Amino acid sequence: MQENNNEITIQAPIQSGFGPRTTAQEALGGEDLSGKLAIVTGGYSGLGLETARVLANAGATVIVPARTPGKAQASVSHIPGVELESLDLLDPDSIDAFAERFLASNRPLHILVDSAGIMASPLARDHRGYEAQFATNHLGHFQLAARLWPALVKARGARVVSVSSRGHAISGMDFNDPHFETRPYEKWTAYGQSKTANALFAVELDKRGKSYGVRAFSVHPGSIVTDLSRNLSDDEMHAMGALDEQGQRVFSEYNDEFKTISEGAATIVWCAVNKQLEGKGGVYCENVDIAHVVPADNPRGPGVKPWATNPEFAEHLWYMSEELTGIKFPI
């Protein structure tokens with residue numbers, strides 16, 4: 001166990017010098033990742049793929065787990081240093097099996113990027129009856145990090161990056177009915193809850209993990225047109241400004257929120273490796289900096305809502321996640 005560090009990172013920008021047009025390669029900060037090992041869920045498409053590519057090109061060994069590794073092979077085969085594995089975040093047994101295989105290799109885990117997820121999907125439940133967006137986006141990654149905990153500690157300086165979203169502003173956690181058993185299901189509310197959970201997980205994991213050398217961050221990457229939007233109709237994409245006159249799903253212009261895939265992955269990579277964040281953690285980041293807190297009634301825009309950084313909510317979610325998964329971190 002490393003020396004305890006009780007310093008709390010303030011949820012406020014550090015003036016990183018980066019911004020919305022920064023690319024993932026630039027956010028790397030020139031880091032040489034030779035000898036480092038990373039796991040990137042969802043690392044075979046979209047933001048995950050770009051994150052995996054940049055980390056691998058910097059020298060890291062990157063493990064990309066996928067539900068169907070054969071289908072993912074074409075995406076990552078051209079990237080040296082990438083290993084494909086099998087993992088289904090909706091299947092607790094699959095998560096355990098993946099973690100057991102990794103731990104059996106006796107390798108340390110320096111970077112864990114929780115990038116896989118689903119968005120605004122129709123109501124679905126896993127075999128436990130848990131709502132699928134919450135189960136995939138949060139509970140699956142909670143279990144994965146818990147099972148991989150020994151390898152994170154072994155790294156003697158690891159980072160866990162949870163890909164949240166500005167969508168957290170849609171909804172906080174409903175601790176009384178997280179699975180929509182009594183309230184009507186609404187796909188965006190469910191997505192917002194899951195993204196709030198991603199942010200709260202980083203708050204509590206960092207608090208518990210920093211004395212072991214494990215720091216945690218959550219990230220809003222920006223709005224990027226990827227396969228994550230597969231459940232949205234053309235009308236919904238058009239309303240978001242992401243459908244051109246030919247019916248292609250692309251942005252007509254880019255700004256502080258609408259980004260390319262490389263720009264979207266920048267904050268993820270920054271949180272995963274950049275030295276500017278040494279000794280820091282437990283914060284929500286966007287545009288390659290720590291985000292500022294905005295009032296709960298503030299219109300949606302830059303910044304993080306107070307319910308996504310509340311330490312009491314984060315602790316409550318932690319205990320609830322342990323109960324729902326039946327798994328406790330050995331910390």
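A salt bridge is a side-chain nitrogen of Lys or Arg within 4 Å of a carboxyl oxygen of Asp or Glu. The model is predicted: local features need pLDDT of at least 70 and side-chain atom pairs pLDDT 80 or more, while totals for chains, interfaces and linings use all residues. Residues are numbered from 1 along each chain as its sequence is written, and side-chain values use heavy atoms, leaving out hydrogens and water.

**View 1. Salt bridge between Arg 166 and Glu 257.** The N to O distance is 3.0 Å. Arg 166 lies in the loop between strand S5 (158–163) and helix H7 (187–209), and Glu 257 in the loop between helices H8 (234–239) and H9 (261–264), so the pair ties together parts 91 residues apart in sequence. Helices (H or I, at least four residues) and strands (E, at least two) are DSSP runs, numbered from the N terminus. Arg 166 is buried, with a relative accessible area of 10%; Glu 257, at 14%, also counts as buried. Buried means under 20% relative accessible area, exposed over 50%, and partly exposed in between (1.4 Å probe, protein chains only).

**View 2. Salt bridge between Lys 275 and Glu 31.** Their side chains meet at 2.8 Å, N to O. Lys 275 lies in the loop between H10 and strand S7 (283–286) and Glu 31 in the loop between helix H1 (24–27) and strand S1 (37–41), so the pair ties together parts 244 residues apart in sequence. Glu 31 counts as buried, at 17% relative accessibility.

**View 3. Helix H10 (residues 266–273).** Eight of the eight residues are buried, so H10 is largely enclosed by the rest of the structure. Among them are Trp 270 and Cys 271.
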